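Hi,

Here is the structure I promised to pass on to you. Have a look at it first, then read my notes below with the viewer open.

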Amino acid sequence: MLLLAVDTATPAVTVALHDGTDVVAETSQVDARRHGELLLPAVHKVLAEAGLKLDAVTGLVVGVGPGPYTGLRVGLVTAATFGSVLGVPVHGLCTLDGLAYACGIEGPFVVATDARRKEVYWARYDDFRTRVSEPSVDRPADIAEQVAGVPVVGAGALLYPEVFPDARGPEHQSSAALASLAAERLAAGAEFLPPTPLYLRRPDAQVPKNYKVVTPQ
Amino acid sequence: MAADEPLVLGIETSCDETGVGIVRGTTLLADAVASSVDTHARFGGVVPEIASRAHLEAMVPTIERALKTAGISAKDLDGIAVTAGPGLAGALLVGVSAAKAYAYALNKPLYGVNHLASHICVDQLEHGPLPEPTMALLVSGGHSSLLLAPDITADVRPMGATIDDAAGEAFDKIARVLDLGFPGGPVIDRLAKEGDPTAIAFPRGLTGPRDAAYDFSFSGLKTAVARWIEAKRRAGEDVPVRDVAASFQEAVVDVLTRKAVRACKDEGVDHLMIGGGVAANSRLRALAQERCERAGIRLRVPRPGLCTDNGAMVAALGAEMVARNRPASDLELSADSSLPVTDPHVPGHSHDHDHVHEISKENLYS
Ligand SMILES: [Zn+2]
């Protein structure tokens with residue numbers, strides 16, 4: 001088995017290879033504005049490090065968000081295209097689940113990433129493998145009560161220390177964690193999400209106002 | 001069709017159409033398009049985020065459909081071309097990302113090409129190789145430009161462009177004032193056929209002796225038409241929709257064709273190509289034909305399906321890049337929403353050595 005995992009739902013452009021037992025190679029760069037430029041070179045880098053070629057990949061793993069729109073789509077369309085050419089499955093995982101798996105906390109906690117516009121994407125976990133709420137997007141102050149008393153993991157937590165006093169790392173998503181989680185789930189025969197984006201927000205679509213009169217009244 | 005002509009797949013996602021075309025040299029093999037225009041209609045214009053979402057959904061299925069139609073194997077392709085710009089940033093990014101993944105997975109060269117140059121080059125699929133130089137008038141909802149193309153792969157020169165609205169935008173806006181829906185071009189064209197183009201004398205923008213010879217302006221026309229309609233409405237009179245449509249359309253195509261023919265004469269160019277969505281307009285085609293004939297210029301206008309945004313035009317330019325040995329793009333290729341028209345393609349930075357360039361020498365299927 002060789003899994004290629006990519007995630008571009010957060011400022012991190014992160015890619016990893018997993019052989020079913022271990023992470024074989026991984027690379028992460030944090031640059032929220034250059035997902036499109038960085039992803040393919042990163043894929044090439046992990047494959048070259050492992051001495052492998054893309055056609056050795058038996059499955060793709062992709063973080064489906066939630067995440068700000070533009071970058072998120074880079075990972076998804078890349079995974080979908082690889083899946084189509086290679087004829088291998090594309091497994092979707094919630095991006096927040098990767099951060100949860102990476103933190104390794106055994107008890108209840110929350111993962112929060114930066115949703116911009118003064119909001120966070122977040123979900124609750126019973127332990128690092130078990131998400132117990134659907135991902136949501138909210139203002140930190142609006143969820144303060146719900147998350148009180150448990151650690152909050154991720155950049156969304158670290159950004160708002162006044163709301164999340166027990167903020168913890170890791171700050172950024174890693175495809176290594178995402179790939180490890182996927183390998184575990186594949187071995188256990190667990191389900192994956194479809195490789196389609198979790199936007200959680202409606203598109204910003206301004207309906208133009210009714211036709212404006214141009215003649216001065 | 002010679003088997004040794006380059007076989008290229010082209011991806012276009014600069015606006016609201018997800019286009020994938022496949023060509024061999026100047027022969028069209030497939031032109032698959034998925035459009036999100038209906039989703040945008042209720043907003044009266046293209047909503048960038050809606051377009052980007054639709055591109056992501058349609059991308060892979062449209063590629064697969066194009067391959068099936070062309071009846072070729074992806075492994076036989078000589079290159080993957082993609083619109084690198086100009087266009088909507090988020091929309092371009094979906095196509096560019098897909099093209100990179102596709103080129104990498106197949107180990108084929110990638111060509112990031114210019115959307116406007118592609119609009120010109122598509123005519124090769126209809127009328128054979130472009131004469132050099134070719135004068136091109138590109139008119140759509142997004143662009144109104146006059147371009148001189150001595151070499152479509154390397155040398156495209158801007159002669160003039162709109163200083164405010166694109167021609168297609170003016171059609172959309174007037175259609176909105178007349179409550180005709182979106183997009184406005186086809187419905188105005190249809191109604192204009194039953195109207196009198198000389199009924200109302202709407203202004204011809206930038207046609208004074210001291211105005212820029214090849215630039216366009218449609219904003220003043222748009223306002224004049226809207227004022228005229230409002231005056232009628234305020235007076236409680238019926239608006240003669242067909243006459244307004246015909247007179248407005250006449251004002252647009254009169255200026256477009258007059259300036260295009262003048263540019264040809266001034267530059268001594270005997271071929272005029274018209275492309276872009278507005279090139280589907282029947283009156284523009286007719287008047288251009290009439291004026292070109294009178295001036296001894298040969299007019300080339302592709303069929304309407306090739307004038308609107310599509311993947312075939314990108315593939316056509318990509319095939320020309322391969323045929324002329326232009327350098328490929330690299331895997332860091334950016335989607336550039338304001339890519340200048342003077343860059344027909346975006347070659348890679350082969351000087352600063354990078355491991356990524358080594359891949360083109362490897363065969364992933366070896
Ligand atoms: Zn166009």
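**What I found in chain B**

Let's start with B:Thr223, which counts as partly exposed because its relative accessibility is 24%, and the cut-offs for that class are 20% and 50%. Keep in mind throughout that this is a predicted model. B:Thr223 is part of helix H8 of chain B, which covers residues 219–234.

Now for the zinc ion. Which residues coordinate the zinc ion? B:His115, B:His119 and B:His143 each use NE2, and B:Asp309 uses OD, at 2.1 to 2.6 Å. Written as a sequence pattern, the spacing of these donor residues is H-x3-H-x23-H-x165-D. B:His143 and B:Asp309 link distant parts of the chain, being 166 residues apart. You'll find B:His143 in the loop between strand S6 (134–139) and strand S7 (144–151) of chain B, while B:Asp309 sits in the loop between helix H11 (304–307) and H12 of chain B. Both B:His143 and B:Asp309 are buried.

The angles among the four donor atoms run from 86 to 159°, and the site is classed as irregular. To count as tetrahedral, four donors need all their angles between 85 and 135 degrees. For orientation, the ideal angle for four tetrahedral donors is 109.5 degrees.

Next, the sheets. One of them is an open sheet of five strands in chain B, in the order S3-S2-S1-S4-S5, with mixed pairing. Its edge strands are S3 (27–35) and S5 of chain B, each of which pairs on one side only. From one strand to the next, the twist averages 20°. Within this sheet, look at S1 (residues 7–12) and S2 (residues 17–24) of chain B: they run antiparallel and are joined by six bridges. B:Glu12, for example, has B:Gly19 in S2(B) as its bridge partner. Helix H12 of chain B (residues 311–323) lies across S1, S2, S3, S4 (79–85) and S5 of chain B, at about 135° to S1(B).

While you're at S5, check out B:Asn114, which belongs to this strand (residues 110–114 of chain B). Is B:Asn114 buried or exposed? It's buried, because its relative accessibility is 0%. A polar atom of the B:Asn114 side chain lies 3.1 Å from the backbone oxygen of B:Asp343. Leaving out residues up to four places away in sequence, B:Asn114 touches several others, including B:Gly85, B:Leu317 and B:Pro344.

There is another open sheet of five strands in chain B, ordered S8-S7-S6-S9-S10, and its pairing is mixed too. Here the edge strands are S8 (155–161) and S10 (298–300) of chain B, and each pairs on one side only. On average, neighbouring strands of this sheet are turned by 25° against each other, ignoring direction. S6(B) and S7(B) run antiparallel, with six bridges between them.

Terms used
Residues numbered from 1 in each chain as written. Chains lettered and ligands numbered in written order. Predicted model: local features only at pLDDT ≥ 70, side-chain atom pairs only at ≥ 80, totals over all residues. Heavy atoms only, no water. Helix = DSSP H or I, 4+ residues; strand = E, 2+ residues; numbered from the N terminus. Buried < 20%, exposed > 50% of the residue type's maximum accessible area, 1.4 Å probe, protein only. Polar contact = N/O pair within 3.5 Å; in protein donor to acceptor, adjacent residues only side chain to side chain. Contact = heavy atoms within 4.5 Å. Pairing = 2+ DSSP bridges. Axes fitted to C-alpha atoms, helices over the stretch in contact; angles between N-to-C directions. Donors = N, O, S within 2.8 Å, 3.2 Å for Na, K, Ca; no water. Tetrahedral: all angles 85-135°; square planar, octahedral: opposite > 155°, others 65-115°.
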